[in-house]
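Trainee: Could you walk me through this protein with me asking and you answering? I would like to learn the terms as we go.

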Amino acid sequence: MKNQLQDLKISLTLFRFLFFISLAAIVFYLISFPGFALADVFIPSNEYIGYFDSNGIYTVGGNVKNQNDFGVIPIISVSVIDGNNTINKTITHVPIPPMTDIPFKMKFPEIQNQNPVLLEAQLKFLESEKKPIPITILYDKTLITHKDGHVTGRITNSGNQTIFNPKIMAIVHGHENVLDIVQNIEYFEKIEPGQILDFSMYPDPSITEDVLYYSCFAPVDTTVTPITTIKNGGAFDFRYDSGAWYYGAKFDSAGTTLSINGYNSYPFDTYANFEFPPISGKEKFQVKINDKPVDFIQSQDEMGFWHVAFDVGPTSQGIVKISGFEKGLPPEIPKIPQWIKQNASWWATNQISDSEFLEGIEFLFEKGIIFVQGREMKAEINWSIPLWVKTTAGWWSEDKISDEEFLMAIENLVSRDIIVI
C-alpha cells in the first residue's frame, strides 16, 4: 500500500511538471508569434506590412490564411496611428476557399506622419460555401522573376467551367522580409476550361531592386476593392477592379457626377473597371480624367449592375469624373436577375425549352444564390424536369410567391433530384 501511494505521488508530480511545461510552451508561442494565434483564420505577423509606396501613399498589405475545412469571408480591420490620430479602415475580403490563403492590400492616403505605427489587424469572418477556384499556376520554366523585379508566368483553367474575371495575387519577398502585395496587370474577361493565359506582375517601383522571389500565388474571381461614399444624403456603395488605385470618392451636390482620385505607379498601361448599382437602369455615363474626355466602355452585367471601363496610362495620376448618374439612391437590387424571371414566365407558357429554363437555374447555382450540399455538375443530356414544376415557376413570374419562396422551392426540388442539373 505504501509503495502504491508513493507511485501515485510520483505520477501526480510528473503530471504537474508536464502540465506547466506545456502551459509555458503555449505562452511562449503566443508571445513569440502573435500573428500565429490559435485560430483557423489569421494573418501571420511576418506577412503583415506597412510602407510608403512610390507615390508617398501609406500602404498596408497582408496574407489571410484559412485553415478551416470550409470557405470564409474575412472582415479585416486595420488601424494606423498617425501622430495624435488613429485611422481605422475595415474591408470585406474576397471569399477564401478551405485550406487556402489570399493576400490583401489597403491604401491610407490620409496618413501625414512620416513614422506611422501599424497596429495588429483584427479579423472576423463569415462562413462561405466558396470552393477552390480551378485555376492552376504553371510552375515551369515560364515562371520567371526578372532582373527589374517583375514576374511573368502562365495560368490554366483546370476545371470544366468558364471562369469570369480571374485575377492572380501574390506576395513579393526580399531577402528577409515581405515587400509588397501584387496582382496581375492584365485584364482577363474570362478563361475557358483548358485555356492557358500569360500573366505578369510588377512590384511597387520603390522596391524593385530588393525583390528576391514571389510566393502565395492565389487565384481570385471577385472584385476586391469596395468603396462607400455619400450620394444625395445616403450611402452609395460601388466597387472597382484595376491595376491602378482610387480613393477619395465624392459626389457633387446634385448627386449626378462622381469624382475620385486615382494613380498608376507603374510604367505601363493598365485598366480600370468600375461597377455601379443602377438607379433607373437608363443611365448614360461620361468619363473625364483631369477634365479631358476619355474613351470608355459602358455595359451592364447579368445582375443589372453597370460597368464603366477605360484604359489608364503609365505612371499617371489625376481626378476621374464619371457623370451621368441619376439623382437619388439605387433601389434594392433583386436577388434574382430579371431575365431569369422572364425565362420562368416564358417557360411556364411553353415559349422556351426545359434546357433554356434550366440554364437560368444553373446561373443561380454558379453565383451562389442557390446552394445544395453535395450537388455536382452533370451533362446537359441529364437535365430533366417534371411538368408540374411549371406551376411554381408560373406563380413566381406572376409575383404570387416571393423570390425567397421560389429559391427554397428550387433548392428543395434539386436536393430531392426532382430537378436534375
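Mentor: Gladly, and we begin with a definition: two strands pair if DSSP finds at least two bridges between them. Helices (H or I, at least four residues) and strands (E, at least two) are DSSP runs, numbered from the N terminus. This is a predicted model, in which local features need pLDDT of at least 70, side-chain atom pairs count only at pLDDT 80 or more, and totals for chains, interfaces and linings use all residues. Residues are numbered from 1 along each chain as its sequence is written, and side-chain values use heavy atoms, with hydrogens and water left out.

Trainee: Over how many bridges do strand 23 and strand 24 pair?

Mentor: Strand 23 covers residues 286-289. In this pairing Ile289 stands opposite Lys292 of strand 24. The two strands run in the antiparallel sense, and the number of bridges is 2.

Trainee: Which strands stand at the edges of the open sheet?

Mentor: The sheet has 5 strands in the order 20-21-27-23-24, with antiparallel pairing.

Trainee: What is the phi of Asp291?

Mentor: Asp291 lies in the loop between strand 23 and strand 24. With a relative accessible area of 55%, Asp291 is exposed; exposed means over 50%, buried under 20%, and partly exposed in between (1.4 Å probe, protein chains only). Most residues other than glycine have a negative phi. Asp291 is not a glycine, yet its phi is positive, at about 70°.

Trainee: How many helices and strands does the protein have, and what share of its residues is buried?

Mentor: The protein has 5 helices and 27 strands. Its accessible surface comes to about 22700 Å², of which 53% belongs to carbon and sulfur atoms; the areas come from the Shrake-Rupley method with a 1.4 Å probe, and for residues only the protein chains shown count as cover. Of the 421 residues, the buried share is 43%.

Trainee: Which residue follows helix 4 and has a positive phi?

Mentor: In helix 4 (residues 389-397), 7 of the 9 residues are buried, so this helix is largely enclosed by the rest of the structure. Among the buried ones are Val389, Trp396 and Ser397. The residue after the helix has a phi near 60°, and its name is Asp399.

Trainee: Is Cys216 in strand 17 buried, partly exposed or exposed?

Mentor: Strand 17 (residues 213-220) has 6 of its 8 residues buried, so it is largely enclosed by the rest of the structure. Cys216 lies in this strand and has a positive phi near 55°. With a relative accessible area of 24%, Cys216 is partly exposed.

Trainee: Which side chain does the side chain of Lys167 join in a polar contact?

Mentor: Lys167 is found in strand 13, which covers residues 167-173 and pairs with strand 17 in the antiparallel sense over 6 bridges. At 2% relative accessibility, Lys167 counts as buried. A polar contact is a pair of N or O atoms within 3.5 Å; within protein, one must be able to donate a hydrogen and the other to accept it, and residues adjacent in sequence count only if both atoms are side-chain atoms. At 3.2 Å, the partner of Lys167 is Asp241.

Trainee: How far apart in space are Val64 and Ile76?

Mentor: Val64 is placed in strand 3 (residues 58-66) and counts as buried at 0% relative accessibility. Not counting residues up to four places away in sequence, Val64 touches residues including Ile76, His93 and Leu123; contact means heavy atoms within 4.5 Å. Val64 and Ile76 are 12 residues apart in sequence, and their C-alpha to C-alpha distance is 9.2 Å.
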